[in-house]
Amino acid sequence: MPADTDTESQQPLQEFLAEREEVLRTWSTGAEVDLEEGIAYQLSIPPSRRFTRVLAEADREQRVLVQPRAGVALVDEHIALLRHLQGEADLLPTTIDAYTRQNQYAEAQKGIDRSLQAGRSVLNGFPAVNHGLRQCRRVVEAVNRPVQVRHGTPDARLLAEITLAAGFTSFEGGGISYNIPYAKKVPLERSIRDWQYVDRLVGLYEERGVRINREPFGPLTGSLVPPFISHTVGILEGLLALEQGVRCLTLGYGQLGNLVQDVAAVQSLRELAEEFFRLRGFEDFQLTTVFHQWMGGFPEDEPKAFAVISWGGAVSALSRATKVIVKTPHEASGIPTAEANLQGIKATRQIVSMLADQVFADESRLAAEVDLIKSEVRHLLKAVLDLGQGSVAEGAVRAFQAGVLDVPFAPSIHNAGKLMPIRDNQGAIRVLDPARVPLPADVADFHRERIQERARFEGRKPSYHMLIDDIYAVSKGRLVGRPR
Amino acid sequence: MGPDTIVLGVVGADCHAVGNKILERVFSDQGFRVVNLGVMVSQDEFIDAAIETNARAILVSSLYGQGELDCEGLRERCLERGLEDVILYVGGNLVIGKNDPALTEQKFRQMGYDRVFRPDSDLAEAARALHEDIRQRFHALPVA
């Protein structure tokens, strides 16, 4: 049974430190990083700007924290953006650009130069590695909220080194959730290995009294991912992080649109994570949840987008998530202006506050959906852990190889892409064909029956056309993709 | 004569995969032979595939906002490598932020793209336009 310090899955410290030297040499700004100095700097950050503290308070008070996404190419503009948002947001982000996410720092530099020339950001995020430690510290010091690094990086070792030493107190991502939905050819064993490095680094900070929050990316592709798939990945990444010494975890879930399924998903995520963390021998951890407002296609029309945003805010409150990540009325067009971003936060805050004292009432339907997700996740996680013969990392790698774990619409060639989700007649995501993902027989039957119910209602067979209708439904004003 | 070949992919460091999978499906259903390069495709990978498969058109997607950087120079690069007639389509959220679609279209037309599509374009309509563009450029009878 693995204990709280799991030396078996950890690299020997000397090897880790030798690897650090190499990582810090991969771009010039790595030279600015000194672990001891970074720890001392982190220790000087007041509690009000620490993610772990703000999360713990909200969790105790059963309050939903509101957090946007935001990032632009240049430092001063990025600071201005965060300052514009901080009055309405509880937690702040720094969203990293797509070149940095692929370790293409020379391309990111071109983006910085072009943004300077153009007088506007031509990058879709903040290139933290290129800006380096000192500039990143200007960002965290310029605001009065905790700041998190949000990205989508299969190899985030250098990004973590720079941003953690610079005073960011939370780091999103994981070896599965930042590979399968965010990369094409990166082997899973590689990204899991590189994220063990990130978690080990967070563990070293933790050992020295600096608690960094880690957040596996829950929504994955954000495209009709059944809760049991994203929960299983989130719990695996939680275990991988705990093994490396991480102690503060926020597990995530992306809104699917059916109220009962969404509330049940957040509740079951937390309970299942507790269950499996303890089962694997971990007792000392701080666990919270994050609810992502709808991650699929948005309506172009801004009032309609506000409806989607507000519905996400409502469900985040009813589901008792610790925080909600908000969308903006510009979502259909991509990156929002600061003003549009602020509008999304305000709409969310209004509805979260209005629902703060209400609970979700339909207890029996909720309990049934919670039980369903729990039985699915227990069945699937057991299969994954069995494949690893004791190793979480190896279990995850083999599960994707075998198609036992399968994420719909993922770009990675290491993902089978055979599992076929479809909405049922009330909009909950069910599985028409699980392919090689193991589900208990009665559960698989239940999924098919629910989809058949819709098929009868619509007078057509479940097919890829139905799935495409579901993908576009929200942007066209519905949840279930009815025939046109 | 068999179906016309087209090359499909998401350019640059962009990993948006959903639309790409749907485009592959729809354009195949509409009678094209689709060579889908998936996400994160470089300009040279598009051109290599177009040369290898004798493609009539390259369909470039970009959803993450950095399309302005990734898409410029593709037409010139095609000409350099001997693809003189290839049809270039581009579509998605092509620039950072919410912009006037007419200005975006103009910007990408100037880069040498034959048609520019918004993210909510009707795909069947796009496929019809592509059949017509290919017919005019490659299959039209010479004027007597």
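Start by selecting strands β2 and β3 (residues 147-150) of chain A: they run parallel and are joined by 4 bridges. (Strands here are DSSP runs of E, at least two residues, and helices are DSSP runs of H or I, at least four residues, all numbered from the N terminus; two strands pair if DSSP finds at least two bridges between them.) Click on A:T95 and you'll find A:R150 of β3(A) standing opposite.

Some housekeeping before moving on: this is a predicted model, with local features needing pLDDT of at least 70 and side-chain atom pairs counting only at pLDDT 80 or more, while totals for chains, interfaces and linings use all residues. Residues are numbered from 1 along each chain as its sequence is written, and chains are lettered from A and ligands numbered from 1 in the order in which they are written.

Stay on β2(A), residues 92-95. Are its faces covered or open? Both are covered: A:L92 and A:T94 on one side, A:P93 and A:T95 on the other, are all buried. (Buried means that 20 or more other C-beta atoms, placed from the backbone, lie within 10 Å of the residue's own.) In a regular strand, side chains alternate between the two faces of the sheet.

**The chain A sheet**

Now show the whole open sheet of chain A: 8 strands in the order β1-β8-β7-β6-β5-β4-β3-β2, with parallel pairing. β1 (65-67) and β2 of chain A are at the edges with a single partner strand each, so one side of each has no neighbour in the sheet. From one strand to the next, the twist averages 25°. (Axes are lines fitted to C-alpha atoms, for helices over the stretch in contact, and angles run from 0 to 180 degrees between N-to-C directions.)

Next, pick β5 (residues 213-215) and β6 (residues 248-254) of chain A, a parallel pair with 2 bridges. Here A:N213 stands opposite A:C248.

**Two domains**

Colour chain A by domain: domain 1 is 7-354 and domain 2 is 372-476. (The bounds come from an automatic or database domain assignment.) Their C-alpha centres lie 26 Å apart. In all, 45 residues of domain 1 are in contact with 33 residues of domain 2. (Contact means C-beta atoms, placed from the backbone, within 7 Å.) Which helix gives the most to domain 1's side? It's α10(A), with 11 residues.

**Over to chain B**

Select the open sheet of chain B, with 5 parallel strands in the order β2-β1-β3-β4-β5. Its edges are β2 (33-36) and β5 (115-117), each with a single partner strand, so one side of each lacks a neighbour in the sheet. Zoom in on β4 (residues 87-92) and β5(B), which pair in parallel over 3 bridges, with B:Y89 opposite B:R115. Helix α1 (residues 18-29) of chain B lies across β1 (5-10), β2 and β3 (57-62), at about 170° to β1(B).

Where the chains touch, 22 residues come from chain B and 30 residues from chain A. α1(B) gives the most to chain B's side, with 4 residues.

**Last stop: the core**

The largest nonpolar core has 185 residues, and A:I162, A:A396, B:I58, B:V60 and B:Y89 have the most contacts inside it. (Such a core is a set of buried Ala, Val, Leu, Ile, Met, Phe, Trp, Tyr and Cys residues joined through C-beta atoms within 7 Å.) Both domains of chain A give residues to this core, so it lies between them. Finish on B:I58: leaving out residues up to four places away in sequence, B:I58 touches B:V7, B:F46, B:A50, B:V86 and B:L88.

Methods:
A residue is buried if 20 or more other C-beta atoms lie within 10 Å of its own, exposed if 12 or fewer, and partly exposed in between; C-beta atoms are placed from the backbone. Two residues are in contact if their C-beta atoms, placed from the backbone, lie within 7 Å.
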